[in-house]
Amino acid sequence: MSDKPKRPLSAYMLWLNSARESIKRENPGIKVTEVAKRGGELWRAMKDKSEWEAKAAKAKDDYDRAVKEFEANGGSSAANGGAKKRAKPAKKASKKSKKEESDEDDDDESE
């Protein structure tokens, strides 16, 4: 269902979205994967992440509120793929390896 609220972004993703352009400016011609790698390095080196953690907490609260409202208005988590999971297919009987077969043949010949 497209009506269900989307999960909130983490503190890191909120920060990366705001810092992405400056990382690109500082490193012209950088690839997308390298932007994310450089962002991770900068995030780990960052001392004060409280601003982004507070924004992430607010986004999570907003999300929780929106999910409760969605479910109260007739939407349900079961209707969105959360109810059933696919059953694993049954395993096939394994074939004997050639070595096991030759060992059994040797046993038959020695009798």
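Which residues in α1 meet which residues in α2? The answer is given below, after an outline of the chain, which is a predicted model.

## Overall architecture

The chain contains four helices and zero strands.

Of the 111 residues in the chain, 15% are buried. The accessible surface amounts to about 9700 Å², and carbon and sulfur atoms account for 50% of that area. Contacts between residues at least 6 apart in sequence were also examined: 63% of them join residues at least 24 apart.

## Helix α1 against helix α2

Two packed helices are described by the angle between their axes and by the distance between those axes. For α1 and helix α2, the latter spanning residues 32–45, the axes come within 10 Å and cross at roughly 115 degrees. The crossing of α1 past α2 is right-handed.

The opening question can now be answered. On the α1 side, the residues in contact are Ala11, Tyr12, Trp15, Leu16, Arg20, Ile23 and Lys24. On the α2 side, they are Val35, Ala36, Arg38, Gly39, Gly40, Leu42 and Trp43. Sorted by class, this contact has nine nonpolar, two polar and three charged residues.

## Helix α1 against helix α3

Helix α1, residues 11–26, also packs against helix α3, residues 50–72. Their axes lie 8 Å apart, at an angle of about 115 degrees. The two helices are therefore roughly perpendicular to each other. As α1 passes α3, the crossing is right-handed.

In this contact, α1 contributes Ala11, Leu14, Trp15 and Ser18, while α3 contributes Trp52, Glu53, Lys55 and Ala56. By class, the contact of α1 with α3 has five nonpolar, one polar and two charged residues.

Ala11 and Trp15 deserve attention when the structure is viewed. Both meet residues of α2, and both meet residues of α3.

Pro8 and Asp61 are 53 residues apart along the chain, and their C-alpha atoms are separated by 9.0 Å.

How values were computed:
Residues are numbered from 1 along each chain as its sequence is written. This is a predicted model: local features need pLDDT of at least 70, side-chain atom pairs count only at pLDDT 80 or more; totals for chains, interfaces and linings use all residues. Side-chain values use heavy atoms; hydrogens and water are left out. Buried means under 20% relative accessible area, exposed over 50%, partly exposed in between (1.4 Å probe, protein chains only). Contact means heavy atoms within 4.5 Å. Accessible areas come from the Shrake-Rupley method with a 1.4 Å probe; for residues, only the protein chains shown count as cover. Axes are lines fitted to C-alpha atoms, for helices over the stretch in contact, and angles run from 0 to 180 degrees between N-to-C directions. Angles under 35 degrees count as roughly parallel, over 145 as roughly antiparallel, 65 to 115 as roughly perpendicular and the rest as oblique. A crossing is left-handed if the near helix is turned anticlockwise from the far one by less than a right angle, and right-handed if clockwise. Ala, Val, Leu, Ile, Met, Phe, Trp, Tyr, Cys and Pro count as nonpolar, Asp, Glu, Lys and Arg as charged, and the others, Gly among them, as polar.
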